[in-house]
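Colleague: I am new to this structure. Could we go through a few of its features together?
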Amino acid sequence: MAIAVLHALDSARTQWYHITAIVIAGMGFFTDAYDLFCISTVSKLLGRLYYFNPSTGKPGKLPVNVNNFVIGVALIGTLSGQLVFGYLGDKLGRKKVYGITLIMMVVCAICSGLSFGSSAGSVMTTLCFFRFWLGFGIGGDYPLSATIMSEYANKMTRGMFIAAVFAMQGVGIIFAGLVSMILSRIFLNMYPAPAFSDSPADYSRVLSTQPQADYLWRIVLMLGALPALATFYWRMKMPETGRYTALIEGNAKQAAADMGKVLEIEIQAEQDKLAQFKAANEYSLVSKEFFRRHGKHLIGTTTTWFLLDIAFYSQNLTQKDIFPVMGLTQKPEEVNALREMFETSRAMFVIAFFGTFPGYWFTVFFIEKLGRFKIQLMGFFMMSLFMAIIGAKYDDLKHNKYMFGTLYGLTFFFANFGPNSTTFVLPAELFPTRVRSTCHALSAAAGKAGAMVGAFGVQFYTLSNDPKDIRRAMFFLAFTNMLGFFFTFLVTETKGRSLEEISGEDGGGDHEAGTQMTGTNTSATAATPY
């Protein structure tokens, strides 16, 4: 039961509007990644500024509980925002709530650099309060950006387009390190200071921690508002997706008009055929029919994203603690506050540029050739393998920083040329239009629950820099990745099929028939819409 507007979207050639949509949605993910990961570059600086204890004879360091909350509170907000905005995206429309998430990100990124008071407690409380709401806005961007891109794209390049939006996360991570590195270098040149160990005992904190550094971390956090602000106008000009207008609002005429204008073609409305289509797909998310059709897929997308993010966020949020072991940064006592931030940011930038960033774009270029399923299996397996090697050979690798850096970088590469990208793509394709945003939100929220395991649990083992604890953390992450490998068998390949064919909304019977994990393309005879 093909509807003209849906067929037009599926068979449309790649046009300038597709590229515009990728940029608009992608800049949201650039902002998301920058805001979530720049905290790793400034957290040690916060410890030096606000938690110096002269009796320890060491630079100030955030207490474990404070460190975990400063880093993890945005993840709690993200999880909450995903669930709320994912649900609203299905109930109110993708476009109506898309702008709200951006406004929250802009306002809260700016407010993250403010403080109500000067004591350690007041500064951390203010920071955590606004980073929670920053995360709340970021959370809404996950299901909305993925759903909007999947519903705009044609069926032969849909995976590539969604992956390209998500690949902007890699660019955001690079800029989090790059901006922090450049600004800390500028501040370091302007305000030189002796290393902590070179300062007299009574003045070590005063001399080695530049007071001007209190401005630096605020500037880094507040700059996260700029990319989101730059795309606000264009995001507001995007029309509602044709699938939502037609299949949820039931307005075939408006859907045909909107998409005809976007695609620059004339599309027939077919209101009568739409009514039949809607009548065949009235089941809700909490129903036996949904679980019969999609229950296995929802379990698959939630479990794999949960397991992936335990490893992925553990890697990203704890790398500042592993860098000294790898020889990428000096010990805290050997540098001053700004130098420590510069070295941490530089190491984060190098790992992101050579390990994290390429993996995203390998997925973009190969997802329509290899398929989502194979890439996800390969990524989970290789991550598990490299983390197991690091855990087993950790004592030897400490003395070979180049081999350590290579193996550590490869875990990032295969996370992104693997499940970190595909767990974002699949929930945007597997589920019917009326619950697509909600199901993506549930899957993404499961991922953020895994991220919190990494932020609050795994990070506990890396803060001390104890080799035994880091080895335990690596073996645990290798185990979670192998679990992700096996749970991947609960999802199916979506390459080359329309969203309605994948979800069964087109009335084609069992929507999994002939499309199991082998990657069989049931639409191979369709013309390629390039």
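**Cysteines and helices**

Modeller: Cys38 has a relative accessibility of 1% and therefore counts as buried (under 20% relative accessible area, with exposed over 50% and partly exposed in between; 1.4 Å probe, protein chains only). This is a predicted model, in which local features need pLDDT of at least 70 and side-chain atom pairs count only at pLDDT 80 or more, while totals for chains, interfaces and linings use all residues. Residues are numbered from 1 along each chain as its sequence is written, and side-chain values use heavy atoms, leaving out hydrogens and water.

Colleague: How many disulfides are there?

Modeller: The count comes to 0 disulfides, where a disulfide is a pair of cysteine sulfur atoms within 2.5 Å. Cys111 is in none; its nearest cysteine sulfur, that of Cys108, is 6.2 Å away.

Colleague: Is Cys111 buried or exposed?

Modeller: Cys111 counts as buried, at 17% relative accessibility.

Colleague: New topic: where does helix 4 bend?

Modeller: Helix 4 bends by about 40° at Gly72, the bend being the angle between axes fitted to the seven residues ending there and the seven starting there. Helices are DSSP runs (H or I, at least four residues), numbered from the N terminus.

Colleague: And what follows helix 4?

Modeller: Gly93 follows helix 4, and its phi is positive, near 115°.

Colleague: Which helix holds Gln169, and what is Gln169 in contact with?

Modeller: Gln169 lies in helix 7 and is buried, with a relative accessible area of 2%. Beyond neighbours within four places in sequence, its contacts include Phe29, Tyr142 and Asn420; contact means heavy atoms within 4.5 Å.

How values were computed. Helix = DSSP H or I, 4+ residues; strand = E, 2+ residues; numbered from the N terminus.
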